[in-house]
Amino acid sequence: MDNQAQNTQNPDVCLCCENIDKIYPGTKALDNVSFEVKTGKVNVLIGENGAGKSTLMKIVAGIESPSSGKIIMDGQEVSFKDTTEARAMGIGIIHQELSLFPNLNVYQNIFMANEHTRGKTLLDNREHIKLAKKVLEKLEYPIDPNTIVGDLRVGQQQMVEIARNLVQEGLRILIMDEPTSSLSSQEVEVLFKIINELKASGISIVYISHRLEEIMRIGDYVTILRDGKKVAEDEVKNISVGWIVENMIGSDKTYTKKVNNTDFAKEETVLKVEDLCLPKRGGGWLLNHVGFELHKGEILGIYGLLGAGRTEIFECIMGMRPEHTGKFYLHGEEMKIGNISEQIAKGFALVPEDRQREGLVQTLNIGKNISLSSMDRYAKSGVIDRKSEFSAIKDTIKDIHIKVADPTLPILSLSGGNQQKVVIGKGILTGPHILLMDEPSRGIDVGAKAEVFDIINQYAERGLSIIVISSELKEIVAIADRIIVLSNGLMTGEFAQNEIDEQTLVTASYKGHVRA
């Protein structure tokens, strides 16, 4: 047994990945990677999309098998055929792309493959409901355990995914892959409190995140992967954000606030929204008399906490919420909201928050995903002109810098950042006048974020009008020409570029929650 394996008998290290390789057809996802999980610590694993982070954790969790190398626990080599075997050894994983069953309710998802029974075969659903309520209360998220998961928002589903792992008996290592990507700032605070409690009880956390400030706050140790190789590791107390970025991408690349001297108030008003209201089931309002204007070539930001009503605005515009009231004006003419296809025909395109469920068709290849919303452009007498379609796909790939050698490859062969570019490209290819982008940087690395923001600026300069929803303060401050703030369905602020700062936005985002 070598020295590294012997070290895993040290109680300070609970698991060691040793010289792991993972080879897929045409690519080496992991190249001789070694990684230690320190006991009772937050072990941060970071790198650009495609660096190999999730692949390494899938191997640890029993989802994938290494091509070579080994995993050592308690001084012994282990191998997992599946997640059941990994869970039996105390390893849990919270996936970046949610692995819930949308047709089942909350408590059924929480206790999936971890059921309590009365006797040998009868499910103890009364106990499931009781324990589900308990863990959700611990998360300060009292969702009704009987709620169907498919009816929940992405952020709510993320909390269910977290709860599912917290009820695992014998938990020793909890892998968190982008656990805060869909959470509000309050929910992040609760999660961090839970993480500290888990650490105090001796449970080890492997934490993957692209939010560098989070890493510096919650992490104890940082390991950086780049192009499938380990390039750096250190204790958090010894490093800085600049050190992380430089090691991730080879340079200290950040996205700074742009300066735009255009007076958009003098530009054409492309879209005007008046008195937009959306009723809430059971009473109250998801949107309460919201109104705003969008000008030609402008990037309008919408900021607010989870549940503020941001996504609902996009759903109303795209014809997904027919119960809304209010008026819409497109290029000065009152517009009746139609279905999604009709709204696309009028010049609207949507980049949804959840690219896996709402933006991509995973059974189609990269090119087909790009052209999916604009197929009518290539139809002649009911027959698709494949040559024209393929030419448009290639032009889009080139224009927005999607890193792909062959558009006929599966969409899931791309990194998260390039998948996001595909979703953006799909919208752009419809030839929109207005592009709606809901959390466009969710779950992508710092380099990919800068590329996405460059794409946004590039198309705005060409005259495309863009609305961006973001819960990332620094990003929306950097990208937006003007920002409106929503809180509890109310519009609580509107700020021109020279008025925008983080404290102002945060203050406005809480106004709608304060009782008069």
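Which residue in E11 is the bridge partner of valine 44? I began my notebook with this point and found that the partner is valine 222. I note at the outset that the model is a predicted one.

**Entry 1: strand E3 and its neighbours**

I looked up strand E3, which covers residues 42–46. I found 4 bridges joining E3 to E11, and the two strands run parallel. I then turned to strand E10, residues 204–208, and found that 4 bridges join E3 to E10, again with a parallel run. In E10, valine 44 has tyrosine 207 as its bridge partner. For background I recorded that strands of a sheet pair through backbone hydrogen bonds, either parallel or antiparallel.

I next checked how covered E3 is, and 5 of its 5 residues are buried. On one side I listed Val42, Val44 and Ile46, and on the other Asn43 and Leu45, so that both faces of E3 are covered. I set beside this the rule that in a regular strand the side chains alternate between the two faces of the sheet.

**Entry 2: valine 222**

I located valine 222 in strand E11, which spans residues 221–226. Is valine 222 buried or exposed? Its relative accessible area is 0%, and it is therefore buried, the cut-off being under 20%. Leaving aside residues up to four places away in sequence, I listed its contacts as Val44, Ile46, Ile215, Ala232, Glu233, Asp234, Val236, Ile239 and Trp243. I also looked up valine 206: it stands 16 residues from valine 222 in sequence, and the two C-alpha atoms are 9.8 Å apart in space.

**Entry 3: a sheet of 6 strands**

I then examined an open sheet of 6 strands, ordered E18-E21-E22-E15-E23-E24, whose pairing is mixed. Its edge strands are E18 (348–351) and E24 (490–496), each of which pairs on one side only. I recorded an average twist of 15 degrees from one strand to the next.

Helix H10, residues 310–317, packs on this sheet and touches E15, E18, E21, E22 and E23. The direction of H10 makes about 145 degrees with that of E21. I found E18 joined to E21 (residues 434–438) by 4 bridges, in a parallel run. Valine 351 has methionine 437 in E21 as its bridge partner.

**Entry 4: helix H10**

How many residues of H10 are buried? I found 8 of its 8 residues buried. Among them are Arg310, Glu312 and Glu315 as well as Ile313, Phe314 and Ile317. After H10 comes glycine 319, and I noted its positive phi, near 80 degrees.

**Entry 5: helices H15 and H16**

I looked up helix H16, residues 446–461, which lies across E15, E21 and E22 and runs at about 150 degrees to E22. I then paired H16 with helix H15, residues 416–428: the two pack at an angle of about 15 degrees, with their axes 10 Å apart. H15 is therefore roughly parallel to H16, as angles under 35 degrees count as such. Their crossing is right-handed.

Which residues of H15 meet H16? I listed Gly417, Lys421, Ile424 and Ile428 in H15, which meet Ala448, Glu451, Val452, Ile455 and Tyr459 in H16. Sorted by class, this contact holds 6 nonpolar, 1 polar and 2 charged residues.

Note on methods. Residues numbered from 1 in each chain as written. Predicted model: local features only at pLDDT ≥ 70, side-chain atom pairs only at ≥ 80, totals over all residues. Heavy atoms only, no water. Pairing = 2+ DSSP bridges. Axes fitted to C-alpha atoms, helices over the stretch in contact; angles between N-to-C directions. Contact = heavy atoms within 4.5 Å. Parallel < 35°, antiparallel > 145°, perpendicular 65-115°, else oblique. Left-handed = near helix turned anticlockwise from the far one by under 90°. Nonpolar A, V, L, I, M, F, W, Y, C, P; charged D, E, K, R; others polar. Buried < 20%, exposed > 50% of the residue type's maximum accessible area, 1.4 Å probe, protein only.
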